[in-house]
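Me: I am new to this one. Please take a close look at a single part for me, and keep it brisk.

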Amino acid sequence: MSGAEYLLFILMLSIFLGFELINKVPATLHTPLMSGANAISGITVVGAVALAGTGSENMAMWLGVGAVTLASINVVGGYMVTDRMLGFFKKKED
Amino acid sequence: MTTALMTQLGYVISAGLFIFGLKMLGSPATARRGNMVSAIGMLVAIIAALLDQGIVDFTWIAAGMVVGGAVGAIAARAVAMTSMPEMVALFNGLGGAASLLVGWAALSPDAGVFTLVTIVLSILIGGVTLTGSLVAYGKLSETIGSGAITFSGQQIVNSLVVLGILGGAAMFCMNPTDPNWLYMVIGLALLFGIMAVIPIGGADMPVVISLLNSYSGLAACAAGFAINNNALIVAGSLVGASGIILTQIMCKAMNRSLSNVLFSGFASVSSEETVVEGEIKPISVEDAYYVLEAATNVAIIPGYGMAVAQAQHVVKELTELLENNGCEVNFGIHPVAGRMPGHMNVLLAEADVPYDQLLEMDEINPRMEMVDVAIVIGANDVVNPAAREVESSPIYGMPVINVADARTVFVLKRSMASGFAGIENPLFYKDNTRMLFGDAKESIGGLIREFS
């Protein structure tokens with residue numbers, strides 16, 4: 001199995017897994033969940049580095065560099081702000 | 001072991017870490033570590049990607065990462081918790097833009113039809129996410145008006161844009177060497193993002209933000225297909241699923257369908273038939289203090305107004321004074337209170353309110369009859385009894401927090417203007433309701449001074 005059908009297979013499984021996982025997140029954590037998910041969507045950086053590193057100085061490379069920059073904002077900013085938020089959540093000490 | 005295999009194994013490990021991290025987000029006690037696990041997953045994926053042998057020059061990669069990382073770090077540190085919704089909107093948009101660029105860059109002369117379709121999809125979803133999020137950002141930060149912008153012929157214009165996108169996409173797939181079709185699709189996708197979000201009003205933003213969150217994941221997913229990369233597909237679809245679930249929760253909490261939120265808004269609300277009986281009964285800070293001083297069970301119901309007034313810290317102070325006075329204090333949080341899912345929880349957590357004191361709507365409603373005083377701070381539609389009692393009301397059927405069941409209700413409100421949805425609120429006219437007019441922060445400050 002290779003190519004498109006293999007990728008679609010992965011897609012199907014991940015979507016089901018995603019639904020199962022996220023359904024268990026309590027309402028109180030929905031904002032950190034969202035910003036954490038946002039950081040994960042910065043995964044595009046992984047695809048972008050291969051495009052930005054060809055050294056060919058053509059348009060595709062510059063598009064890749066742009067994508068690396070934007071996705072890095074997403075990754076670093078997303079994880080840091082989520083961590084900052086989650087640091088506020090405290091249980092009541094009795 | 002070849003480097004290609006190592007890269008793939010790295011992606012597998014990172015996917016596992018993402019999944020584990022999301023699982024740990026299921027409880028506030030483990031959530032912070034879960035976020036860390038997810039971040040390590042991202043680091044593993046990036047290192048794996050850098051092993052790619054096609055990379056010959058790291059200069060520009062490093063430059064992009066340093067600049068992007070610095071901007072992200074500064075933004076994450078500087079943002080105030082009240083501005084979280086617009087921050088998330090902005091980050092969503094950047095994620096969409098990155099996927100758009102990756103899809104665009106993936107275009108090569110020997111691309112097959114399947115790849116071309118996925119390139120179009122990543123450009124389309126990425127572009128809509130980018131401009132849609134920028135408009136959402138503008139509305140949330142009030143740089144543009146937060147109201148719904150509608151004009152006659154809007155549906156026709158939107159339909160033409162969609163037709164243009166479909167036509168341009170088809171032409172592009174047939175003539176991939178002609179860049180003009182590609183530019184047309186990019187331009188129209190960006191335009192469509194704007195057109196899709198401008199008609200949606202501020203109060204519906206929790207739905208829009210969740211949906212754009214989902215799109216940013218789906219765009220990464222489509223880009224993953226375009227460049228044949230598993231890591232993007234797995235991570236992108238996890239984010240896509242997360243956004244869709246939040247969207248569903250938000251829609252359910254407003255008793256509206258997604259298409260109703262996206263395409264109609266509350267624009268056609270007629271205000272005639274709600275004849276509200278009773279009169280408005282204002283109360284002074286001093287009298288409110290005497291009632292609170294005698295109370296043994298208080299419920300606080302915050303809304304977007306608390307964020308606007310930046311009142312979360314004084315609310316916490318009042319909570320402490322009440323508790324020292326032997327009173328039990330709980331918070332009732334409606335799912336769509338605020339401008340994004342969980343907005344109120346984050347604000348109160350920042351003010352040191354422990355999370356086990358924050359009750360969801362279904363938990364607080366059965367307890368409401370035992371509550372001596374319910375304090376509504378800057379919330380309106382989420383406590384509107386018309387949703388239960390007035391069948392002609394546009395929000396009829398929406399689940400609300402039943403504050404009127406409490407012995408006494410205090411409503412902290414700036415003036416008698418109606419809420420975002422522009423709907424009359426019969427709560428204000430109930431026998432047991434007292435209105436405490438003024439800025440929420442000042443009113444609560446006044447109560448605190450009475451206590452001390």
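What percentage of the 452 residues of chain B count as buried?

Reply: Of the 452 residues of chain B, 55% are buried. Buried takes 20 or more other C-beta atoms within 10 Å of a residue's own; exposed takes 12 or fewer, partly exposed lies in between, and C-beta atoms are placed from the backbone. This is a predicted model: local features need pLDDT of at least 70, side-chain atom pairs count only at pLDDT 80 or more, and totals for chains, interfaces and linings use all residues. Residues are numbered from 1 along each chain as its sequence is written, while chains are lettered from A and ligands numbered from 1 in the order in which they are written.

Chain B holds 17 helices and six strands. These are DSSP runs, numbered from the N terminus: helices are H or I with at least four residues, strands E with at least two. The C-alpha trace of chain B spans about 75 × 50 × 35 Å along its principal axes. In chain B, 78% of the contacts with a separation of 6 or more join residues 24 or more positions apart. A contact means two C-beta atoms, placed from the backbone, within 7 Å.

Now to the partner chain. 93 residues of chain B are in contact with 73 residues of chain A. On chain A, helices H1 (4-23), H2 (30-41), H3 (44-52) and H4 (59-86) each supply at least two residues of the side that touches chain B. H4(A) gives the most, with 25 residues.

One residue of chain A to find is A:Met12, in helix H1. A:Met12 is exposed, because 11 other C-beta atoms lie within 10 Å. Its C-alpha atom is separated by 24 Å from that of A:His30, 18 residues apart along the chain.
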